[in-house]
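Here are my notes on the model you asked me to look over. Have the structure open while you go through them.

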Protein chains: 2
Amino acid sequence: MVKTIKNKEKPGQSRADTSVASNSAVMEFAADEPLKLDCGKEISPLKIAYQTYGTLNEARSNAILVCHALTGDQHVASEHPETGRPGWWTAMIGPGKSVDTDRYFVICSNVIGGCMGSTGPSTINSDTGTPYGLQLPVITIADMVRAQAMLLGKLEIPDLFCVIGGSMGGMQVLQWAVDYPDRVFAAVPIATAARHTSQNIAFHEVGRQAIMADNDWLGGDYLKHETNPRKGLAVARMTAHITYLSGEALHQKFGRNLQNRAALTYGFDADFQVESYLRYQGSTFVDRFDANSYLYMTRAMDYFDLAGDHGGILANAFKGTFARFCIVSFTSDWLFPTQGNREIVHALNAVGANVSFVEVETDKGHDSFLLDTPEMFATISGFMSAAARKRGLD
Amino acid sequence: MVKTIKNKEKPGQSRADTSVASNSAVMEFAADEPLKLDCGKEISPLKIAYQTYGTLNEARSNAILVCHALTGDQHVASEHPETGRPGWWTAMIGPGKSVDTDRYFVICSNVIGGCMGSTGPSTINSDTGTPYGLQLPVITIADMVRAQAMLLGKLEIPDLFCVIGGSMGGMQVLQWAVDYPDRVFAAVPIATAARHTSQNIAFHEVGRQAIMADNDWLGGDYLKHETNPRKGLAVARMTAHITYLSGEALHQKFGRNLQNRAALTYGFDADFQVESYLRYQGSTFVDRFDANSYLYMTRAMDYFDLAGDHGGILANAFKGTFARFCIVSFTSDWLFPTQGNREIVHALNAVGANVSFVEVETDKGHDSFLLDTPEMFATISGFMSAAARKRGLD
């Protein structure tokens, strides 16, 4: 739990306001400052909602960008305005934590395509006066990163001491190092990969089909009709949630334990704790997440293929990087296995980059990056301190 | 491909007819011969649809019962009457195959709760004149096996030379050895477990929720209203299908290959081959399978826990068995991993049973038991021949 967050006055906020919905600062970009997308289209006007923690130093050299995962948001280290729950990375970020807000200025923005204040499918399309829905162009990881770079430009932060994130956040970290090699001093991609695998795409496709199968989805126009594909989104979340945990973690947490009953009921209610847990995960998720955003986020991940963008050779993607890397994977992560992280290490080694790599032994699966994982904290603390010394941030 | 199947006159067929729907023999049990279920209820009248291959010898000692998996049926080695495709285990069963129909009399019945001619949720409930739907009591693996034993009684087959099956079929094999220890000479459970794990239950629950979320499911009464929860059932199948394959198998088969297009479309169509493949798997499945049956089959597997039924000690379940066992698992099967198969071996060792165990090296995942897996065929051929000699079937 973070008790005291320094929400100091933010630099470069001339055109930022505070969104009631997301309780965040929002940077607005006018029609003459469009976001250019990989698909060839543009988004304008553009909004980026963000949170900051800690204080930017005078040299503007202590900024850390945190990149959030698929269903994450900018509320990394402070209370979520809708759920009232602590920020999703309070274990990692705060005063005295591995990402120490007493030393660094931490920024996290809601990704483009998201649903917590940045432009996404639920945003009103100024051309039509109604929510974008599927009229929003498909977003890529590189588009998300380009938007973050635009935000940092407005905040007058020329370069980043560090970019850090797990899962889809880790993809953004890698993309930062590739697309802005001279603006990243240190990069910490966690539990991620340089491309989405066939199995990853398959699970995402199931989630999307579940959403689209819901009669209330209405071709993506549910907001116009004041409906919500709750059931489909819940099924999508349930499927994905299984992939975030290891079989061993589920076994230890639930086994075959029954839910508030002494015996099997011979029916289709949630007899087992794991069923009840999944239903709960599904039902709470739909209260805080937009179904179309789920489609856009999963598609962005599916499309991610750094090697594919560089002639099929991953090392080529990293040729220009100056960043030092700290790569972390988890033994029981079967969604983003160590092997995929190791491929990144090999590619970085091939271009002579400065890389440290730690595979953390844990049975908690992919979600380990969000959990109390001491070896991860120790690894990142050590890496941060060393990088800060190199950067002259002592 | 099995070219010639000897569909000889079947013994004990006094009350059997041929179902048009399943193109199979159907054994009917009258109201005074109910199937007693684990839940305490009964089903009557009862129908069991089945296929046979090969010839029962005079001593009636060469019968092999094949137990099918979740979405399987009795058409193991002959054309499926609805899809026109070859039987699902023609690689294993036929003249000269590992399960040699020139030597053995092979029986396979559609499980209770299924949708290929045996009593299931789509069967007309004689009490109401409408399909059972969710009025059918929940079925267990032991109930399926009890029904098979009733069928064998009618066929005047006192005991089985062998019971064989994979996945849910393997569960039935284990249940046979436990419940009818003196009627099983040899048992071949493949790619299975003595209990469904928390992760297994979780994936099944997602599938059920997908079906129940479909507006056309109508509380299970869709047949009465001439609808069909096709979308929900397709999503359930897609999810399950991913678990039947290994990540490596998906990678080798599809990788990130695009489907009939040169570049990403920046949309939500099936850009990737794996998406197109999954959608096809979903859409063809709904043409041949009943959504409520899917609920019942998955529930039966979830409830399966042989140790739980015997004081928590798996060895106790096998105390009375006389069968010799051949247990087969696959290295890349993450749904029913080798570890679960090994627990069965340990339990059988603890009661001094005759067990051989082979872990087959393959990257094809759980579905390996249905595929051309030479090491599995060789293992089972050898085991069958040795068991046949012991049984005096030379």
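1. Overall scores are ipTM 0.92 and pTM 0.93. Chain A has a mean pLDDT of 93, with 94% of its residues at 70 or more.

2. One stretch to watch is residues 1–21 of chain A, where pLDDT stays under 50. The model still gives that stretch 38 contacts beyond four places in sequence. Where pLDDT is low, the predicted coordinates should not be read in detail.

3. Now the contact between the chains: chain A puts in 43 residues and chain B puts in 43 residues. On the chain A side, helix 3 (198–213), helix 4 (230–244), helix 5 (247–253), helix 6 (273–288) and helix 7 (291–303) each supply at least two residues. Helix 3 of chain A gives the most, with eleven residues. Sorted by class, the side of chain A that touches chain B has 22 nonpolar, twelve polar and nine charged residues.

4. Over in chain B, have a look at helix 4 (residues 230–244). Its 15 residues reach 21 Å from first C-alpha to last, close to the 21 Å expected at 1.5 Å a residue. Helix 4 of chain B is also mostly covered, with 13 of its 15 residues buried.

5. Chain A splits into domain 1 (16–196 + 303–391) and domain 2 (200–299). Their C-alpha centres are 25 Å apart. Where the two domains of chain A touch, 28 residues of domain 1 are in contact with 22 residues of domain 2. The domain 1 side of that contact has twelve nonpolar, twelve polar and four charged residues.

Key
Residues are numbered from 1 along each chain as its sequence is written. Chains are lettered from A and ligands numbered from 1 in the order in which they are written. This is a predicted model: local features need pLDDT of at least 70, side-chain atom pairs count only at pLDDT 80 or more; totals for chains, interfaces and linings use all residues. pLDDT is the predictor's confidence in each residue, from 0 to 100. Two residues are in contact if their C-beta atoms, placed from the backbone, lie within 7 Å. Helices (H or I, at least four residues) and strands (E, at least two) are DSSP runs, numbered from the N terminus. Ala, Val, Leu, Ile, Met, Phe, Trp, Tyr, Cys and Pro count as nonpolar, Asp, Glu, Lys and Arg as charged, and the others, Gly among them, as polar. The expected span of a helix is 1.5 Å times one less than its number of residues. A residue is buried if 20 or more other C-beta atoms lie within 10 Å of its own, exposed if 12 or fewer, and partly exposed in between; C-beta atoms are placed from the backbone. Domain bounds come from an automatic or database domain assignment.
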